[in-house]
Amino acid sequence: MGKGIWVHWVMMLLHVVAILIFTRGFLLTRTELPNYSKCDDVSESPCFFENQDHKPHNQSQNHKVCWSKPAIDRLVIIVFDALRFDFVAPSTFFQEKKPWMNKLQLIQQLAATNASSARIFKAIADPPTTSLQRLKGLTTGGLPTFIDVGNSFGAPAIVEDNLLHQLAQNGKRVVMMGDDTWTQLFPNHFDKSFPYPSFNVRDLDTVDNGCIDHLLPFLHREDWDVLIAHFLGVDHAGHIFGVDSGQMIEKLEQYNTVLQNVVEALESQSAPGGLHENTLLLVMGDHGQTVNGDHGGGTAEEIETSMFALSFKNPPSSIPAEFDTSFCGLDLDKRNICISSIQQLDFAVTISALLGIPFPFGSIGRVNPQLYALGAGTWNFEDSVGNCQNQPKLDEWMLNYVNVLCTNSWQVKRYIDIYSASSVIGFSHEDLLHIGNIYANAEERWSHTTKKLLLHKKESCNELLPALKRQIEEYSAFLASVAELARSKWTEFNLKLMGAGLGIMVISLIIHFLAIKKVKEQYGFSFTSSGDSGISFGLIFACFVGVIRACSFLSNSFILEEGKVACFLLATTGFVKLRSSVMKKKMISEAFVFLLLVTICRFTIQVGLSKHAPSSEFVSAYPSWMLGITSLWNFVAEVLPVLALILLAFLLHKAITRSSPEGIWKYIIMGTHLSFILIAVHWAVESNLLNLAWVLKDVGSNCIPRLVYSIGLGQLLLLAINQLFIKQKSSEGSKILSAKAVAMFSVWSSTVIILLGKQGPFIALVFIIGGYCIMRLDNVELDGKDGGSWNLMLDPVPVTQWSLFAVCLFFCTGHWCAFDGLRYGAAFTGFDEFILVPQAILLTMDTYGFSLILPILGLPFLVACRGQTEKGKQPILGRLSLVYMIYGLIVATSVTATILCVTIHRRHLMVWGLFAPKFVFDAAGLILTDSFICLASLYYFSRVEDHALYDPLK
């Protein structure tokens, strides 16, 4: 294997080992204990419930009491995936009214007219805000760790204790319909289930229609206790069209109609003795979403969702003001609406308390007072309050709530103790001592004060209410401290593994640097114009730019603005090249075009043209010239991508004709032209202006994308055959290298373009023009010079520019380093069903196509198009090997800086919302970079007859 190809394989192996080891230390899941709560466990608690004199009056003999007295008989949970808080709350609660607000009118009407039995909650989720993590958090009452995000495409069954397990173990019949993630997480917990595939984000209706078909009939049946309906239309509409879209508004209006039918069905059977006399309805979201329809991170838009609770019993008592988190305001009809708040962490334990089942063993949530009061506020407490005259209803509610909170605190303390004893690391001694003292104080008050007052209620009526309030406050303080501790220190970082992974990355950088030095010396290359082994300005400047970018990762603000930082650094290198061009009076136009291109990239990243629909943020930012010309804009938006495709096809044809017009290359370009024609037809068929959907009525809209993929595979196969059986002569030099690079770009570009949509041709043109400017500006110092040492000079600045340009293109295509930055819709281009391998490949190509795959395969242009002098022939493949090594070193250095920063910030508030996703994206990008460098080396170096060159590393 010549030309030092083996170095790239060694680097890839080291990087894989380093990342795997570091990941084992950093992205560890918390220890999932095999323990499960049981009804009998509560006898070990110090709580008052087991006192036989405290048996509730209305508790039937055949209704077994477990950890708490059941407050409701049936529960209906309707999940609207990605339900933003402002979808539910009145628009008057926000500074600016948006088109998507006030569409769920029924919820606002019920909250205003039935304030005591209907309540809107702002529900706060813990990041990461992907559906699997939220469902896991909602049902276990724990905090799913970041590593679980990787399971979002293939949810494993939950093995730790959870709400669904407790429902099944305690004889509750559960029916589920909708998102099939539930059946993957809980494969054996449902009496009946009607799952629908959830990953085709282009399908807005299949899951929702399935829910509607089964939901209403089941409301009239008696063979269930808990009913779950999970709708996905709002989530999918957000991913594809954005929140500010007609499709989103249509979905919200449809949901309002569904809720009207549900409430009517429940109310009609809620009379005394009716099927739903004691039923609680919950309408909730699992997470929010950004205006672009994305979620997964930790921004306010993503973590703030909604919950609406409706009880059909008599209005419960109000709760003490100290425990009420409500804030009130007037809606558009001047009706007073109060909104409470709830942590999703509290959902599992609160529902368990209402249904009278054991709390999940690993739950660290608190029974929410408002939601608990809504379901449990109408009990008859005559026996429990004894002969205490004029006992207010407030005391009655607090009497039961403090007992439930006692059980809740005991359960959390039990879990923390067992977790710390069972886990390898667990919580620190200081943390355990702190929360232990808080619990001990609460428990001491319970045993020596509150419990005695409850046993002698007749003599202590006046002292009971203040005592109950203080007891609730102390238990709440304990539960809040545990939740805070878990959020800050839940992950068990293994510093030894993290340090080993970081150390291997540093070692790989040293080996990488030594390999570059060895190849440079053996071929006689130099970083200076004089040909000596000194340090040039270009080398110092390239290192300076790399260090600046690496240091930017130390700040979460700079990571959020990474695209802008890359554009700034790229513009800085452009100004340096402009200075050289002006001094040499050469290629000034190329320098100005390059700076203009960087400015366009910066503007694209800022405004978000690639992510926002023309009717959203971009239009609202420039209403003065956009208003009134919508039709013209739509026409231009349809035509310009096709014109860009035509120009792109012309440029590729011209490039291949110049390099090698004959042989296999001609057929490669013909296949690319055919793919471009098919892409244009695909866009025309999908266009609303032309109404050509009937053209593909019989064959389906997936036909053309699959044809494009097939042509691309055929082209790759043709190149492989050419590579295996046809040798290229060294006398053809840079032309063959150029032909290979153009052919490879042609093969990949058509698939990447159709995945990116109508922005694809423009990004491709930006890539070609920017790459051409970098190649031309690399020759500024060479023009007018004689051969010799100048012919063997290697400037690292163009390679640095190439890598920065690739980073800019990543953000220009609408991506960013977060899971909500993935364009999931692209994975279904040409597919209706979710098939893991094809979807994973397509999503990878969409994410890294113009930022990783094509830049790496296009690196030979920096070598092949380099100016040559009349004296001698430069060793082209030796230079290319060095270029690939330098590019790999730049990427590896960046990822090493990311790993170092993640290690430093492992206790940062945004570690899971920002630093961890950045690490995952960079690590995946590094492995892909190494892989494609290895494949590119095989493609460009193998089977080339070049006896003048040798492998200096052998």
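**A strand and its neighbours**

Strand E2 pairs with strand E7, residues 304-311, in the antiparallel sense, over seven bridges. Before I go on: this is a predicted model. On its E7 side, Ile124 stands opposite Glu304. E2 also pairs with strand E9, residues 336-343, this time in the parallel sense and over five bridges. There, Ile124 stands opposite Gln343 of E9.

How many of the seven residues of E2 are buried? Six are, so E2, which covers residues 118-124, is largely enclosed by the rest of the structure.

Next, the cores. The largest nonpolar core has 155 residues, and Phe26, Phe850 and Tyr940 have the most contacts inside it. Helix H31, residues 876-904, supplies the largest share of this core, with 17 residues. Another core, of 84 residues, lies apart from it; Leu371, Leu374, Leu399 and Val482 are among its members.

Last, the backbone. Most residues other than glycine have a negative phi. Ala82 has a positive value, near 60°. Ala82 sits in the loop between strand E1, residues 74-80, and helix H2, residues 85-88. Lys334 is not a glycine either, and its phi is positive at about 65°. Lys334 belongs to the loop between strand E8, residues 327-330, and E9.

Lys334 is at 65%, and the cut-off for exposed is over 50%, so Lys334 counts as exposed.

Definitions and conventions:
Residues are numbered from 1 along each chain as its sequence is written. This is a predicted model: local features need pLDDT of at least 70, side-chain atom pairs count only at pLDDT 80 or more; totals for chains, interfaces and linings use all residues. Side-chain values use heavy atoms; hydrogens and water are left out. Buried means under 20% relative accessible area, exposed over 50%, partly exposed in between (1.4 Å probe, protein chains only). Helices (H or I, at least four residues) and strands (E, at least two) are DSSP runs, numbered from the N terminus. Two strands pair if DSSP finds at least two bridges between them. A nonpolar core is a set of buried Ala, Val, Leu, Ile, Met, Phe, Trp, Tyr and Cys residues joined through side-chain atoms within 4.5 Å.
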